[in-house]
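Welcome! Here is a short briefing to read alongside the sequence and the 3D view. Take it one topic at a time and keep turning the picture as you go.

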There are 2 protein chains.
Amino acid sequence: MQTPQPKVSFKEQMHQAREDAILQSTCRLLSDKAYDAMTMDDVAQAVGIAKASLYKHFCSKEELCCAAMVQILGRLRTFLDSLAPEQPPLDKLQALVRWSLQRLLAHEMPLLPSRNSSLRAVLMANPSYLEGLVAVSDQVGQWITQAQAQGVLDPSLPPLVVLYTLYARACDPVVGFLKEGGQHSDEEIIALVLRTCFQGLAAR
Amino acid sequence: MQTPQPKVSFKEQMHQAREDAILQSTCRLLSDKAYDAMTMDDVAQAVGIAKASLYKHFCSKEELCCAAMVQILGRLRTFLDSLAPEQPPLDKLQALVRWSLQRLLAHEMPLLPSRNSSLRAVLMANPSYLEGLVAVSDQVGQWITQAQAQGVLDPSLPPLVVLYTLYARACDPVVGFLKEGGQHSDEEIIALVLRTCFQGLAAR
DNA sequence: GTCTATATGCAGATAGAC
DNA sequence: GTCTATCTGCATATAGAC
């Protein structure tokens, strides 16, 4: 008898699966429209449940979107942890941006909160999100200083500037522009954006 | 008697001045919050007039915001036209980004419509805005190909990628992040963002 | 053209049956 | 927990006096 609470566990699993579906739909919607423009009706319709049911899982729109962003952040941390320790730090930084761009192209990640997003204020007031953000920033910050010490990343740039730049490029709107143009494959777009980010526009 | 219609002209001037004030307030507000989050009440309060008066000048929120963006675009074109013809094209491109970043820091320019902004759809349906955007893009496109021909701008990058990247950097959220940090002056921030844009993050 | 007051519609959130 | 139906508030836009 190795199933002490089979029924409870099953229900919990269903519950969790439903919540994951809600979060996934939320992420998709947030990647297409701004936080203010996304409605709870949109989410309910995308998931295929009634709006009231949504509120049984998440007590407010703010909480729902925070949870979605926290989930994304968790996936990012999992990815960062999966990188081989012996990999050069610069490669890890590029892998970080590449991962984000892939999510962006797959419509799995909201274009992140720049200053004029009301979602940003909500997130910055959310302890779970902040905690995750700090953890990622610490990790990435280490790689930045290591890459600078190796001389492969411009050592004259303040690490914080590099960090912010990486975050900004991780949701670079150029990706969307190029995708709309339809001239390039997803992989080409990622390669181009990575190149402009790390090599710059000027000739070398 | 060189004043044929003095009274009409004066009234027109007042009218124009009032509209300019409205547009300026709109730009300021749009630089702080997203299109969807900005309300006509915000604008009315910022200008110091009643909301109904606003609708005497602009018949809808969409039209108002379009007019604000068209105004910005006009100023950009004026600036671009003012650049000395003998200036190297790469310098002109940098001047373009610098000008935008200055506006951004002065809260005079909305963080531009990336894909997830509902304002973007509105703008793309507006002939005046599109016309201005095409004119600027043609001008900038010429400079890009010239700079590539001179070998100072990476010739292996598709010109459209460079163009989109310049547009994206012109409202780089990194500016806001660094400004919030309070560690750098406005000029330092501009210099840093320009450097990451043209020189990249990797060491040279 | 400017105002106060109001109409209209929509979105966040809730009530209550099942 | 899920649903339908509803409450509430707010934002766009308008009416109508001055």
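How far apart do the end C-alpha atoms of residues 39–58 of chain A lie, and what share of the span is helix? The ends of residues 39–58 of chain A are 14 Å apart, and 75% of the span is helix while 0% is strand. Please keep in mind that this is a predicted model.

**Chain A at a glance**
- Chain A has 10 helices and zero strands.
- If you walk along the sequence of chain A, you read the pattern α-α-α-α-α-α-α-α-α-α.
- Taken along the principal axes, the box filled by the C-alpha atoms of chain A is roughly 60 × 45 × 35 Å.

**What the UniProt record lists**
- An unreviewed UniProt entry gives residues 16–76 of chain A as "domain: HTH tetR-type".
- In the model, residues 16–76 of chain A are 79% helix and 0% strand, and their end C-alpha atoms are 20 Å apart.
- The "DNA-binding region" in the unreviewed UniProt entry covers residues 39–58 of chain A, which is the span from the opening question, with its 75% helix.

**Helix 5 and helix 8 in chain A**
- Find helix 5 (residues 89–105) of chain A and helix 8 (residues 159–170) of chain A: their axes come within 8 Å and cross at roughly 25°.
- Angles under 35 degrees count as roughly parallel, so helix 5 of chain A is roughly parallel to helix 8 of chain A.
- On the helix 5 side of chain A, the contact is made by Leu93(A), Val97(A), Ser100(A), Leu101(A) and Leu104(A), and on the helix 8 side by Leu166(A), Arg169(A) and Ala170(A).
- Sorted by kind, the residues of this contact in chain A are six nonpolar, one polar and one charged.

**Helix 5 and helix 8 in chain B**
- Now look at chain B, where the axes of helix 5 (residues 89–105) and helix 8 (residues 159–170) come within 8 Å and cross at roughly 25°.
- Helix 5 of chain B and helix 8 of chain B are therefore roughly parallel to each other.
- From helix 5 of chain B, Leu93(B), Val97(B), Ser100(B), Leu101(B) and Leu104(B) meet Leu166(B), Arg169(B) and Ala170(B) of helix 8 of chain B.
- The residues of this contact in chain B divide into six nonpolar, one polar and one charged.

**Where the two chains meet**
- The contact between the chains takes 49 residues from chain A and 48 residues from chain B.
- Together, chain A and chain B bury about 4,600 Å² between them, with 60% of it on carbon and sulfur atoms.

**Salt bridges**
- Six salt bridges are counted between chain A and chain B.
- One example to find is the salt bridge between the side chains of Glu180(B) and Arg120(A), at 3.1 Å from N to O.
- Over all chains, the count comes to 16 salt bridges.
- Glu180(B) sits in helix 9 (residues 173–181) of chain B and Arg120(A) in helix 6 (residues 118–124) of chain A, so this pair joins two chains.

Definitions and conventions: Residues are numbered from 1 along each chain as its sequence is written. Chains are lettered from A and ligands numbered from 1 in the order in which they are written. This is a predicted model: local features need pLDDT of at least 70, side-chain atom pairs count only at pLDDT 80 or more; totals for chains, interfaces and linings use all residues. Side-chain values use heavy atoms; hydrogens and water are left out. UniProt positions are given in the numbering used here, feature names are shortened, and annotations may be inferred rather than shown by experiment. Helices (H or I, at least four residues) and strands (E, at least two) are DSSP runs, numbered from the N terminus. Axes are lines fitted to C-alpha atoms, for helices over the stretch in contact, and angles run from 0 to 180 degrees between N-to-C directions. Angles under 35 degrees count as roughly parallel, over 145 as roughly antiparallel, 65 to 115 as roughly perpendicular and the rest as oblique. Contact means heavy atoms within 4.5 Å. Ala, Val, Leu, Ile, Met, Phe, Trp, Tyr, Cys and Pro count as nonpolar, Asp, Glu, Lys and Arg as charged, and the others, Gly among them, as polar. Buried area is the accessible area (1.4 Å probe) that two parts lose on being put together, summed over both. A salt bridge is a side-chain nitrogen of Lys or Arg within 4 Å of a carboxyl oxygen of Asp or Glu.
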